[in-house]
Amino acid sequence: MHLATERLLIRPWTHYEAPRLLDILSRVEVVKWLGDGEPKLMRDLDEAHARVDTYAERSAPPLGYWAVEVIATGQVAGSVLLLTLPNAEAGEVEIGWHLHPDSWGHGYATEAARAVLRHGFEAGLPEILALTHTTNEPSQAVMRRIGLHPRGVVEKWYAGESALFGLTAEEWRG
């Protein structure tokens with residue numbers, strides 16, 4: 001999948017970008033918000049290359065795990081994803097993102113997430129959810145900016161509490 005916005009190209013990660021992926025996922029300020037439990041920092045370039053392969057394996061339209069490239073610079077800002085939630089009982093789909101700190105504060109997460117949200121709904125997904133740590137206010141602000149509605153705190157798909165946001169295709173069309 002390739003999506004273009006005004007400033008971004010959303011596309012598969014390549015092995016050429018494994019050093020950038022390592023730089024992003026070896027930072028505690030990024031990975032502390034990903035998944036549950038203790039942050040798991042990426043250790044080396046081999047792990048980054050393996051992750052690029054994993055992202056490709058997990059990408060089956062309309063779902064995927066993509067690089068967010070800034071068109072003006074050609075640099076990858078981070079990732080955006082649309083994936084089935086872990087332990088999903090009804091195939092629930094999650095949207096998410098994580099960016100390198102040098103890309104924070106530019107609106108890239110919002111711009112990329114809007115494009116992927118549109119992609120998911122235009123491909124026929126009935127609902128898209130987003131979860132985050134209850135204290136991750138910057139991510140929750142992105143969720144609100146892209147039109148997702150708060151749905152409370154859950155302990156369903158990840159260990160511990162998560163703030164849940166969501167949007168149905170009907171709400172999105174409206």
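This report covers the overall build, the nonpolar cores and one tryptophan of a predicted model.

## Overall build

The chain holds six helices and eight strands. Read from the N terminus, their order is β-β-α-α-α-β-β-β-α-β-α-β-β-α.

The C-alpha trace spans about 40 × 35 × 30 Å along its principal axes. The radius of gyration is 15 Å. A compact globule of 174 residues would have a value near 16 Å, so the chain agrees with that expectation.

## Surface and charge

Of the 174 residues in the chain, 47% are buried. The chain exposes about 8,900 Å². Carbon and sulfur atoms supply 51% of that area.

Charged side chains number 16 positive and 24 negative. The centres of these two sets lie 4 Å apart.

## The nonpolar cores

In soluble globular proteins, nonpolar side chains tend to be buried together. Here, the largest nonpolar core has 33 residues. Leu82, Ile95 and Leu148 have the most contacts inside this core. Several elements supply at least two residues each, among them the strands β2 (8-11), β3 (64-70), β4 (76-84) and β5 (93-99). Helix α4 gives the most, with eight residues.

A second core is separate and has 17 residues. Val30, Val31, Tyr55 and Ala67 are included in this second core.

Leu148 shows how the largest core is put together. Setting aside neighbours within four places in sequence, Leu148 is in contact with Ile95, Leu117, Ile128, Leu129 and Ala130, and also with Met143, Phe165, Gly166 and Leu167. Ile95, one of these partners, is also among the residues with the most contacts inside the core.

## A look at Trp172

Trp172 is found in helix α6, which covers residues 169-173. Is Trp172 buried or partly exposed? Its relative accessibility is 27%, so Trp172 counts as partly exposed. The cut-off for buried is under 20%.

Which residues does Trp172 touch? Not counting residues up to four places away in sequence, they are Leu117, Arg118, Phe121, Glu122 and Leu167. Leu117 and Leu167 are touched by Trp172, and both are also in contact with Leu148.

Met42 gives a sense of distance. Trp172 and Met42 are 130 residues apart along the chain, and their C-alpha atoms are separated by 36 Å.

Note on methods. Residues are numbered from 1 along each chain as its sequence is written. This is a predicted model: local features need pLDDT of at least 70, side-chain atom pairs count only at pLDDT 80 or more; totals for chains, interfaces and linings use all residues. Side-chain values use heavy atoms; hydrogens and water are left out. Helices (H or I, at least four residues) and strands (E, at least two) are DSSP runs, numbered from the N terminus. Buried means under 20% relative accessible area, exposed over 50%, partly exposed in between (1.4 Å probe, protein chains only). Contact means heavy atoms within 4.5 Å. The radius of gyration is taken over C-alpha atoms; the globule rule is 2.2 Å times the number of residues to the power 0.38. Accessible areas come from the Shrake-Rupley method with a 1.4 Å probe; for residues, only the protein chains shown count as cover. Lys and Arg count as positive and Asp and Glu as negative; His and the chain ends are not counted. The place of a charge is taken as NZ of Lys, CZ of Arg, CG of Asp or CD of Glu. A nonpolar core is a set of buried Ala, Val, Leu, Ile, Met, Phe, Trp, Tyr and Cys residues joined through side-chain atoms within 4.5 Å.
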